[in-house]
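Please walk me through this protein model.

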Amino acid sequence: MSDYMTSTADDMKPEFAEYEKANRAASEDPDDFDAWEKLVRAAEALEGGLNRNSSPQAIAATRSVFDRFLAKFPLLFGYWKKYADLEFSIAGTEAAEMVYERGVASITNSVDLWTNYCGFKVETSHDPDVIRELFERGANSVGLDFLAHPFWDKYIEFEERLECEDKIVAILDRVIHIPMHQYARYFERFRQLAQSRPLEELLPADTLAQFRQDVIAEPPSAVQAMKIERGELEIEREIRVRIDNFHLEIFSRTQTETTKRWTYESEIKRPYFHVNELDEPQLVNWRKYLDFEEVEGDFNRISFLYERCLVTCAFYDEFWYRYARWMSAQEGKEEEVRNVYQRASMTFVPMTRTGVRLQYAHFEESQGRVDMSRAIHEAVLEHLPGHIETIVSWANLERRQGGLDEAIAIYRAQIESDKCDIYAKGALTAEWARLLWKVKGNPEEARQVYQKNQHWYLDSRYFWINYLQFEMEQPTSAETEAANGERIRQVVEDIRKKSHLPPMTVRDLTHFYMVYLLERGGKDSAKEYLLLDREVNGPFSVQSVNKAKLAEDGKESTTDRRLMMENGHPGVEIDEAAIVRGENPYTKYFQQQGEQPVPVNAQVSSNSDTEMGGW
C-alpha cells in the first residue's frame, strides 16, 4: 500500500518517507527479513504511533504491513502479539481477538501466544465459561510442551481468582502426568491441596471405589483389632494414604519421563522460529529427539514434538518429509498427511526446493485426486518455468494416468513453449526419447528424436550424455555389434567435433567410449583407443580437434600458426567490430576451456596480439 499518501515528496513527513523507503525495499526482496522488520518499525512510527485518532490511511497501511509480513512469516508469535495489541488500541477487543485467532491458527503450539491470548481474554471478558473454554483450547494445543509452565500458571491463576479450588485440583491432576520442566512444583501444590479436598476430586469414581473396597477388606491392625469396628473417618484416612501413595507413583513416573527428555531439551538452544540457519548440532539433536519419542510410541507426544520441531526447523524440508512419512504410517491419518504437505508447500519450504511439492503431488495421486496432483505441477511451473524435474514428473503422471501419448504431449508443449531455455529443452527432448525407448520399447523412434534434434542442442550436456548412454545400452550380439559400434562412434564424433560442450565434459564422455573400445571393440579398436587418448589426454599441441574448434575458420592450421607466433599459447583472435559493439574478445576462448568469460564491462587491453598471448 505504497500510495496511501497523496503528499508530494517535498512536504512528506520524515516517518512517511521512511515508510515508503522501507516498503519499496521489502517489496523488491520479499525474502529479506531485515527489510520486513524495518518496514514494521516504520509503519508503527507513522503519525507518532497509531491510536484510535490516527488517520484511516495510516491505519490501513500499518494493517497491510502486518498482514503481508505475517503471511510471509506466520511463526513469529511476538509479532502476532504486537499486531493484536495494535488492533486493541485502534479498534478494540473484537479486532484484537480476531488477530489472536489468526495467530493461534498459524502457530498452534506457541506457549507464549496462547498464554498472552488467554491473559487478554481474562482481562477483557466477564464470562468465566468462555474464558475457561479458551484455556481448554490452549491446553489441548500447548499443554504437552516441556516449557508449558507459563500457560498452566496462567490457567491456575484464573481459577484462583474465581476461588474454584475444585477446578485447580483438576488442572493440577492433569499437569502432574506431563513430563515438563517444573513438574515437581505442580506436584507439591497438588499434594498440598489434596489433603483437604473431597476424595471424589482426587480419583476417578471406579478407582476410588476399588480403594475403599480394599481398605474395608484389609484386616485391621493390632491396635484396631481391639475395637469393634473402624469408623468412617479411619477408613477415609487409610484411603487418603493409599491415594497419596498412588500419586507418589505418578510423580515417580513423571520424574523418570522428564529426566529422559531433559537430555534432548537441554540441547535445544533456539525453541522458536527464526530465518537464520540452525547449526548442525541443533539439527542432530532434533533428529535424535524425534527418534526417541517414536520409540516411546505415544502418538500425541510424537505428533506434538514434530510440530515443535517444525517451528524451529520450518525451512528444513527433511523434517517435513519425515513428519509426512511418519504420519502416513499411522492408520487413517490421510488428512493429517495432506495437512503436513500443504503447510510445507504453501508456506514454509522455499519454492526452489521442489522435492516436497512433487512428493505432495504423488500423495494426491495416490489418493485418487489426479486433478490436484496436476494442479500442483502447474503451480510449481508458474513460479519456476522450465524446471526439468517438475516437467518430467508431470509427464510421468500423465503417462501413468493417460498413457504414453499424454506424456509426450506434455514434453512437446514444454519444448515448444518460450518459457523453457535451450538447456531445458535439450533435457526434455532426451526424456522424450527415453519414453519411446524404455516405455514404448521402440529404440528406432528414440534414435530419430535424438538425430533430428541434435543440431538444436549443441550446448546441452543433458542431451548428449543421454544420447551416448542410449546408444551404448542398446542390446547387442556378435552379429550386430559392428553396427552398434558405428552408431556409438558417430555420437562420440558429434560430441567431439560439433557440440559446444566444455572440454572436461567432452573428455569424460570420450573416456566412456574408450572403455567401450577396449571391452567391446574389434581388431582395430586399440589403434582408435590410442588416437583418442592422445586427443583428449595429450598436450594441447597434439589435440587436433580442439585446435580446429578454437580457430575462427575451423582449421587446425590456423591455430598452429598462432601457436608459433605466440610462444605456444593459442591466443585469441580479435574481432575489432565485436569490440566496438562491447563484446568480450575472450568469450570463445573461455567457452572452449569450459570456463566463464570475463564480464562484458571488464577492461579490454589495447596491447598487441603477442602481448595477449603472453597473458
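A salt bridge here is a side-chain nitrogen of Lys or Arg within 4 Å of a carboxyl oxygen of Asp or Glu. By that criterion, a search of the whole structure finds 45 salt bridges. The model is predicted, so local features need pLDDT of at least 70 and side-chain atom pairs count only at pLDDT 80 or more, while totals for chains, interfaces and linings use all residues. Residues are numbered from 1 along each chain as its sequence is written, and side-chain values use heavy atoms, with hydrogens and water left out.

Next, the chain as a whole. Its secondary structure comes to 32 helices and zero strands. Helices (H or I, at least four residues) and strands (E, at least two) are DSSP runs, numbered from the N terminus. Buried residues make up 45% of the 615 residues. Buried means under 20% relative accessible area, exposed over 50%, and partly exposed in between (1.4 Å probe, protein chains only). The accessible surface comes to about 32,400 Å², and 51% of it belongs to carbon and sulfur atoms. Accessible areas come from the Shrake-Rupley method with a 1.4 Å probe; for residues, only the protein chains shown count as cover. Of the contacts with a separation of 6 or more, 54% are between residues 24 or more positions apart. Contact means heavy atoms within 4.5 Å.

Now some individual salt bridges. Asp 129 pairs with Arg 132, the closest N and O atoms being 3.4 Å apart. The two are separated by about one helical turn, because they sit three residues apart in helix 7 (residues 128–142). Asp 129 counts as exposed, at 55% relative accessibility. Arg 132 counts as buried, at 16%.

Arg 374 forms a salt bridge with Glu 398, with the closest N and O atoms 2.6 Å apart. This pair links distant parts of the chain: Arg 374 is in helix 19 (residues 370–383) and Glu 398 in helix 20 (residues 388–402), 24 residues apart. Arg 374 is partly exposed at 22% relative accessibility, whereas Glu 398 is buried at 7%.

Arg 496 and Glu 535 form another salt bridge, the closest N and O atoms being 3.4 Å apart. Here helix 25 (residues 481–497) supplies Arg 496 and helix 27 (residues 525–537) supplies Glu 535, 39 residues apart. Both Arg 496 and Glu 535 are buried. Elsewhere, shared partners join Glu 257, Lys 260, Arg 261, Glu 293, Glu 296 and Arg 301 into one network of salt bridges.

Turn to helix packing. Helix 23 and helix 24 pack at an angle of about 145°, with their axes 11 Å apart. The contact includes Tyr 450 of helix 23 and Phe 463, Tyr 467 and Phe 470 of helix 24. Axes are lines fitted to C-alpha atoms, for helices over the stretch in contact, and angles run from 0 to 180 degrees between N-to-C directions.

What lies in the loop between helix 23 (443–453) and helix 24 (461–472)? Trp 456 is found there. Trp 456 is exposed, with a relative accessible area of 54%. With Ile 422 and Tyr 423, Trp 456 forms a nonpolar surface patch of about 350 Å² of accessible area together. Patches are made of residues with over 30% relative accessible area and no salt bridge; like charges are joined within 9 Å, nonpolar side chains (Val, Leu, Ile, Met, Phe, Trp, Tyr) within 5 Å.

Finally, His 247 lies in helix 13 (residues 232–265). His 247 is buried, with a relative accessible area of 4%. Not counting residues up to four places away in sequence, His 247 touches Asp 173, Ile 176, Phe 187, Phe 190, Leu 202 and Leu 203.
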